[in-house]
Structures are given as structure tokens and as C-alpha cells.
Amino acid sequence: MTETLADLGEAELLRRLAGFAPAGQFSDDTACLRSDERQLVVNTDVLVDGIHFSEQTTDAQDVGWRAVAANLSDLAASGAEQVEGITVALVTPGNTTWTWVEGVYQGITAALQCHGGDLLGGDCSGGQQRLLSVTALGRLGPLRLHRGDAQPGDVLLTSGGHGLSRLGLALLQRDPLLNDVALEGTLKAEALQHHQRPTPRFDALRSLIDCRPEHLPWRAGGTDSSDGLLAAVQGLCSSSGYGAVLNREQLPRPQGWPAGELWDQWCLAGGEDFELVVSLPPRWAEAWQNVMPTSHRIGSITDKTDAVIWHNDNRPVLNDGFRHYR
């Protein structure tokens, strides 16, 4: 017989979920963190069934992994050098199976074991739609990345290629747009991996910190590309009050990426790539490119307020990606 949450009840569900946390962690309604000189950074993301995952594209363990990765990516993009842990609020209908919930928390555990931090607590509730709300806590290192710290003359870079998660989704959905496109097997495998098991770029943050030229201050603009590369650049511009110029020839296309307008749009606005997008003084940018082989220079910050344009014709770069509430 398949156990559902209605069969288990809340008390038994919480007892079972406690097995994914350190011993005694679920004994109270609060979690206590040790004091630390470093500042604490906190963020929250929500994953909603039918929006961020579905049974067609994402198994339960991948749902758990992606919920953690999305939050930890925000920590890395803020300059957090250590993950303290996460809390998880889980909402599910009563007919949800325990097997699915167990898989989600197995994925959560796997991601935390890979990137650090503990399951600190959370909440469970019945509801008509499955969703996970994750709050992550991390400790800042020497570089506090702010969207608002971009300055004119900065070089715009990203830590890796873009569009892979969008391609992975299309492959899983058997999108007819792919019917007449010949894709390399390695590109397909990479795309599926990026969509189902994204990696927060703590490695890129560490290399960015380590390569800073000594004479430069700890000032860099930064965010991640969870909502797409162009949205990340627009966020830097909006928060800093400046603009950007992008080079179409320098778009961070993965190896084997097809040519064409659709593929450029997926690279620009596909979303959920979870790469760092940073604006750096030119000397720092050059140093990072020398030590970070996956990084791409994509453009620069300008003094034209809140305008993101192409370098060759000064036309606005348009965003045709996913938007909430549209």
C-alpha cells in the first residue's frame, strides 16, 4: 500500500523528516546559530509545482536538489563563503505520497552534503498545490557582492555558459522546436545535468576573491542568472543606476551551441543557469579570466542610465524570457 501524507498525519511526517536533520534539530520551533564575526546573509526562494518543476521533467530528488541550489546560488552571488544551513516550508495536498516527500528530502540532503550547511528546520502544511519555500543562511567573506556596486567602465563577465538549463527543459518536454536540430550528445547530457542538478558557483566566487589585484578595493557588482543572463544584467543596471552594452559575438554560448535567433534568446533569457554575473574593474576582470577558464566577457557598464544595448547598433537588448505574473 502506498502511504500518503493523509495516512501519516503531521506528527509522523515531522518525525520522519527529522531524520534528515542533525539529531535533536527538530525538537524545538527555532534553530540557534553560533555567533560569528562575519555578517549573516539570508535569502528565500519558492519552487511551485507547474512553474518550477513537474513530474514530467523533475523527479522528487531533483526537486529537492534544485530547491537548495537556487538558494545557495543567491548566497554565492552575494559573496557568502560558508553555508550555515536552510529551513524548508513544504506545502502539499494530502494525497501526496510519502515516497515523493522522502525523495525531495533526499535531494535536499545530497545538495547540502555537496555544498555545506544543515537542515535547520521548517514547517509543513496541507494545500492544493505542491510547493517548497527554502530560506538559506550563509556567512559573508571579504567580498560583499551588491547589484548596486556596478560602475561605468566595469567589465561585465559571467562564470559560465548560458542556455543549458533551458535546453534541458526542452529536451525533457520533447519540445518540437528541437525536431529539426542536430545536437551533440555531450551538449544534451550537459543540458540535462544543468537543468536537473544545477551547481551554485561557490568555486567561481572563491577564484574571484583569490585573484583580486592587491591595489584594488573590495568593490564589485554581482548577482546570479537564475532569471536569465539579460535579467541579471538589467538588475545590475537598475540597482546601480547605470547602463550596459553587450557584445553579441561574446554571448556565453556553450560549446556545440547551435546558431540562430532562438538559440541566442535561450542563451540570453532561458533562465535557471545559476551562474555568477559580475561587473569588475578591467584589471580584476583580466585576472579572473586568466584563472577561471569557464568565464566569459560579455560587455561593459556605461553611464547611460538603465539602458542595455547592443554594441554594434545601439539597439535595446530585448528580453523574451520567462516572467512571473505574465
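A residue is called buried when its relative accessible area is under 20%, exposed when it is over 50%, and partly exposed in between, with a 1.4 Å probe and protein chains only. The model is predicted, so that local features need pLDDT of at least 70 and side-chain atom pairs count only at pLDDT 80 or more, while totals for chains, interfaces and linings use all residues. Residues are numbered from 1 along each chain as its sequence is written, and side-chain values use heavy atoms, with hydrogens and water left out.

**Exercise 1.** Determine which residues of strand E8 point one way and which the other, and whether they are buried or exposed.

*Solution.* Begin with the element itself: strands are DSSP runs (E) of at least two residues, numbered from the N terminus, and E8 covers residues 276-280. Next, recall that in a regular strand the side chains alternate between the two faces of the sheet. In E8, Leu 276, Val 278 and Leu 280 point one way, whereas Val 277 and Ser 279 point the other way. Finally, 5 of the 5 residues of E8 are buried, and the strand is mostly covered.

**Exercise 2.** Find which strands pair with E8, and in which sense.

*Solution.* Two strands pair if DSSP finds at least two bridges between them. Strand E5, residues 155-158, pairs with E8 in the antiparallel sense over 4 bridges, and within E8 it is Val 277 that stands opposite Thr 158. Strand E6, residues 221-224, also runs antiparallel to E8 and is joined to it by 4 bridges, with Ser 279 of E8 as the bridge partner of Gly 221.
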